[in-house]
Amino acid sequence: MKASGDKFAVITAYDFTFAKLIENAGIEVVLVGDSLGNVIQGRDSTIPVTVADMVYHTAAVKRGNSNALLIADMPFMSYATETQALENAALLMQAGAHMVKLEGGAWLAETVRLLCERGIPVCGHVGLTPQSVHKLGGYKVQGKEEQAAAQMISEAKALEKAGAELIVVECVPSSLGRALSQALTIPVIGIGAGPDTDAQVLVLHDMLGISQRLPRFSKNFLEDNTSIQSAISAYGDAVRAGTFPAPEHCF
Ligand code: KIV
């Protein structure tokens, strides 16, 4: 799709029923995000989420999904060492994931290479990486300075070189979202990264307007639709048509 300039939609899911609705809507990629810590468990960050939590929700989503690419997040500290990464990624793949997602930059390249060599497809995640919220000093837009933007592009390239097949970029200026998508061969999935990334991802509860706080980069698609099913379809259509995100959702 990237090669032919077709955008695709990604959405998070945490259970069987929503996975079915997402499948009915023809969404291309489903992410079992560790955002479940916030929207399912009511935590104030993703840090408390465990591998067991991710395995449980991945297995539930897998039962509702037959067509979409299913990515599962590796939670906080589950890939701090290469051994941990291999063992925990294996658990997520055995629960039904087709690919695992890890947050971080060039320091992860060796881990990404190892996972890929062992037959585990990897999605990277750069920009605002919520598992590092305390290191980042809060949920802030990343890569605003020229040097930080250049560094992020170079780290994303290192992940691609190591074998990552997709990369999420979260909360960066639109210009950096565009530059990353142009610099990489693999598809770049943006969230709060402007309209020019190859794909968009939203947290399910945000795009249905049922989370406690709607982030600036998200949109309540249920507002203009009469059912959850049609809201999810409208999101997919808007991403493919390039009408979401609009300028008010961008940094
Ligand atoms: O956990 C998650 O839902 C994510 C997305 C916000 C990209 O990582």
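This is a predicted model: local features need pLDDT of at least 70, side-chain atom pairs count only at pLDDT 80 or more; totals for chains, interfaces and linings use all residues.
**Group meeting talk: pockets, core and rings**

Residues are numbered from 1 along each chain as its sequence is written, and side-chain values use heavy atoms, with hydrogens and water left out.

What is a pocket here? On a 1 Å grid over the protein atoms alone, a pocket is an open set of points with protein on both sides within 12 Å along at least five of seven lines. A cavity is a set of points where a 1.4 Å probe fits but cannot get out. Lining residues have an atom within 4 Å of a point. Grid points are joined across faces, edges and corners, and a volume is the space filled by probe spheres set on the points.

The largest share, four residues, comes from α7. By class, the lining has nine nonpolar, 11 polar and three charged residues. Ala, Val, Leu, Ile, Met, Phe, Trp, Tyr, Cys and Pro count as nonpolar; Asp, Glu, Lys and Arg as charged; the others, Gly among them, as polar.

Next, the largest pocket. Its volume is about 820 Å³. The elements giving two or more residues to its lining are α2 (36-39), β4 (99-103), β6 (166-170), β8 and α9 (204-207). In total, 37 residues line the largest pocket, and Asn38, Val203, Asp206, Arg213 and Pro215 lie nearest its centre. They divide into 16 nonpolar, 10 polar and 11 charged residues.

How many cavities of 30 Å³ or more does the structure hold? One. The largest cavity has a volume of about 30 Å³. Among its lining residues are Gln200, Val201, Leu202, Phe217 and Phe244. Strand β8 (residues 199-202) gives the largest share of this lining, three residues. Seven lining residues are nonpolar, three are polar and none is charged.

On to the core. In soluble globular proteins, nonpolar side chains tend to be buried together. Buried means under 20% relative accessible area, exposed over 50%, partly exposed in between (1.4 Å probe, protein chains only). A nonpolar core is a set of buried Ala, Val, Leu, Ile, Met, Phe, Trp, Tyr and Cys residues joined through side-chain atoms within 4.5 Å. The largest one here has 77 residues, and Val100, Met207 and Tyr235 have the most contacts inside it. Helix α7 (residues 146-162) gives the most to this core: six residues. Take Val100. Contact means heavy atoms within 4.5 Å. Leaving out residues up to four places away in sequence, Val100 touches several residues, including Ile71, Met74, Leu92 and Val122.

Then the rings. Rings of Phe, Tyr and Trp (its six-membered ring) pair if their centres lie within 6.5 Å; planes under 30 degrees apart count as stacked, over 60 as edge-to-face and the rest as tilted. By this rule there are four aromatic pairs. One of them joins Tyr79 and Trp107, stacked, at 6.4 Å centre to centre with 15 degrees between the planes. Tyr79 sits in the loop between β3 (69-73) and α4 (82-95), and Trp107 in the loop between β4 and α5 (109-117), 28 residues apart. Buried or exposed? Tyr79 is buried because its relative accessible area is 5%. Trp107 counts as exposed because its relative accessibility is 55%.

A second pair is Tyr235 with Phe244. Their ring centres are 6.2 Å apart and their planes stand at 70 degrees, so the pair is edge-to-face. Both Tyr235 and Phe244 are buried. Phe221, Tyr235 and Phe244 form one aromatic cluster.

Tyr235 has one more neighbour to show you. Ala9 lies in strand β1 (residues 8-12). Ala9 is buried, as its relative accessible area is 0%. The C-alpha atoms of Ala9 and Tyr235 are 7.8 Å apart, though 226 residues separate them along the chain. Not counting residues up to four places away in sequence, Ala9 touches Ile27, Glu28, Val29, Gln200, Tyr235, Gly236 and Val239.
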